[in-house]
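Here is a short report on one protein model. Keep the sequence and the 3D view at hand as you read.

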Amino acid sequence: FRNLCARETQKSIKDSVHRLLADQIELLNLQKFYRVQASEIVGRNGSLFSFAGIRQNISNVKSFEGYDRVWVEEAVNVSKNSWGVLIPTIRKDGSEIWVSFNAELESDETYKRFVVDPPADAHVVKINWHDNPWFPPVLKKEMDELRRKDPSACDHIYEGICRQAVEGAIYANELNAMAKEGR
């Protein structure tokens with residue numbers, strides 16, 4: 001399998017999930033199966049993990065045409081234009097696009113495209129803190145404290161509920177209160 005790990009913006013390999021995957025390979029003791037290189041990860045079975053930013057490499061993204069899988073991390077920031085290039089590029093029979101993100105606003109392109117009105121063959125899974133068997137006690141404590149201080153922020157950060165308005169927008173709290181009252 002050829003895998004592309006992409007983000008909307010990736011100025012260097014440090015901005016990618018390269019380090020995350022390299023750490024997991026080490027943690028799971030898979031070094032004999034994968035060679036972690038400076039800008040790629042190569043499997044003994046011929047699998048390949050490449051890394052790219054979409055927006056700044058929009059014409060280069062088209063060179064990933066034969067890839068089997070794309071994982072778009074932090075996909076909440078991916079623009080309509082970038083999806084318009086990436087989706088038709090990944091067209092190999094049986095290819096897949098995996099999208100992970102923390103929802104921000106219901107009007108965000110990624111949220112609309114994959115949650116509000118997903119493709120017919122999409123498999124959408126909402127995963128949250130309570131689905132994480134390794135959710136640490138320190139985060140649980142922070143979550144409980146945030147829930148006490150700012151329930152709306154807690155719902156967004158820990159429950160994955162979209163914000164009703166951009167943080168800091170004028171009248172955001174008033175709009176949220178009206179929404180809860182049904183006005």
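Predicted model: local features only at pLDDT ≥ 70, side-chain atom pairs only at ≥ 80, totals over all residues.

## A strand covered on both sides

Both faces of β4 are covered. Leu48, Ser50 and Ala52 are buried on one side, and Phe49, Phe51 and Gly53 are buried on the other. Buried means under 20% relative accessible area, with a 1.4 Å probe and protein chains only.

Residues are numbered from 1 along each chain as its sequence is written, and side-chain values use heavy atoms, leaving out hydrogens and water.

## Partners of β4

Strands pair if DSSP finds at least two bridges between them. β1 and β4 run parallel, joined by six bridges. Cys5 has Phe51 as its bridge partner in β4.

β3 (residues 41-43) runs antiparallel to β4, with two bridges. Here Val42 is partnered by Leu48. Four residues lie between the strands of this hairpin, and Gly46 takes a positive phi near 95°.

## Two cores

A nonpolar core is a set of buried Ala, Val, Leu, Ile, Met, Phe, Trp, Tyr and Cys residues joined through side-chain atoms within 4.5 Å. The largest has 18 residues. Leu4, Ile54, Val70, Val72, Trp83 and Leu86 touch the most other members. β1 (2-7), β4 (48-53), β5 (69-72) and α3 (80-89) each give two or more residues. α3 gives the most, with three.

A second, separate core has seven residues, including Cys5, Ile25, Ile41 and Phe51.

How values were computed. Buried < 20%, exposed > 50% of the residue type's maximum accessible area, 1.4 Å probe, protein only.
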